[in-house]
Amino acid sequence: MSAHESREGIYLDYNATTPVCREARAAMEPFFLGGYGNPSSGYPLGADAKKALVRAREDTARALGASPEEIVFTSCGSESNNLAVKGAALSAPPGRKRVVVSEVEHPSVTNAALFLMELGFAVSFAPVDRRGVLDLDRLAGTVGNDCALVSVMHANNETGVVQPVAEAARIARKHGALFHVDAAQSTGKVPVDAGALGADLLTVVGHKVYAPKGVAALYVRAGTKLTPLLHGGGQEGGLRSGTENVAFASALAAALTAAREKLAYDAPRLSRLRDLLVSALRAEFPDLVLHGEGAERLPNTAFVSFPGVWADALLSRAAGLYASTGAACHHGAGKISHVLSAMGVDKEVARGTVRLSLGRFTTEEECRRAAAILIAARRSL
């Protein structure tokens, strides 16, 4: 049994959440046993906590190609995305009342942008092509001098398609707009360097990179103005008040460091296993649709459709396999994925879509078994 496999089944839903790696567990442990001081306290117990928080910030910054003062610790990816989108818009000059997001963003970006409409902002959606890749020409036609922020995810959580964010950043910068990158899914799977990507703001999430749920970070390029969402004691450079979670910040830093060190090994291994899994399914079902095919994709993600069946029905018969029918936060909603809709995928095809996302602990044997389980489930329908 692998490190992530339960007695009940094989876990292929790493894009929803990851197990906590040993490096992150080791980083957290001291703060549960005795290092419980408040980092804002002046006595030794608090000073020790502050030193640990400084180390976590330094290590997180190093993993993202940033400076420590550019890292803001938050509670989750949704908070980081909301702080980026709302904070940038609310700090923009009076003449900049437009926010541009891609059609395939995570709801925490899209809904944050839509909320701004209630405050008088306009929101524009930049389209993608049939592969799910951002249309840069149409983005360029959407971004103008009235734009406060452009937000484009680095890699899509459903298709795994990697977006041309560096090119999109240049378009935003040409018009004086800030550029936000949601790197929740890409971090630890492909190289993520805030400077190379052209980001003014960049989101990373703990539970997508083998740290616990309940911690994330927002990279805020030096000099970038944001209006905080939380007001209080002024922690995190005044951008995120509240006593810092030193244990989880340390875990995030450790997980990011480990992911960066393992990337050269993990990425090609996962790409090979992903392709093995898809090939096994296609050998039985030649009409299998691989969404995002032909585009650059994350090495661990296969978003596949079994035409003629419903994904929920398929997975209900795939005993022993843990996967999802799209983004985990959409599961059970009874709606076609907004990502597939943006790509122009036929509804009959979209209904049969399953996301298979592999991770650090996935083995070749598990991929072969997962393919056999899905093949048997499809035949039973």
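Visitor: Which elements do the buried residues of H2 pack against?

Guide: Helices (H or I, at least four residues) and strands (E, at least two) are DSSP runs, numbered from the N terminus. Buried means under 20% relative accessible area (1.4 Å probe, protein chains only), and contact means heavy atoms within 4.5 Å. Here the buried residues of H2 pack against H1, S2, H7, S7, S8 and H8. Among the buried ones are Gly-46, Ala-49 and Leu-53.

Visitor: What confidence does the chain carry?

Guide: This is a predicted model, in which local features need pLDDT of at least 70 and side-chain atom pairs count only at pLDDT 80 or more, while totals for chains, interfaces and linings use all residues. Residues are numbered from 1 along each chain as its sequence is written, and side-chain values use heavy atoms, without hydrogens or water. pLDDT is the predictor's confidence in each residue, from 0 to 100. The chain's mean is 95, with 96% of residues at 70 or more. Over residues 1-7 the pLDDT is below 50. Where pLDDT is low, the predicted coordinates should not be read in detail.

Visitor: In what order do the strands of the sheet run?

Guide: Two strands pair if DSSP finds at least two bridges between them. Seven strands form an open, mixed sheet in the order S2-S8-S7-S6-S5-S3-S4. Strands S2 (71-74) and S4 (122-126) are at the edges with a single partner strand each, so one side of each has no neighbour in the sheet.

Visitor: How many bridges join S3 and S5?

Guide: S3 (residues 98-102) and S5 (residues 147-151) pair in the parallel sense over four bridges. Val-101 stands opposite Ser-151 in S5.

Terms used. Buried < 20%, exposed > 50% of the residue type's maximum accessible area, 1.4 Å probe, protein only.
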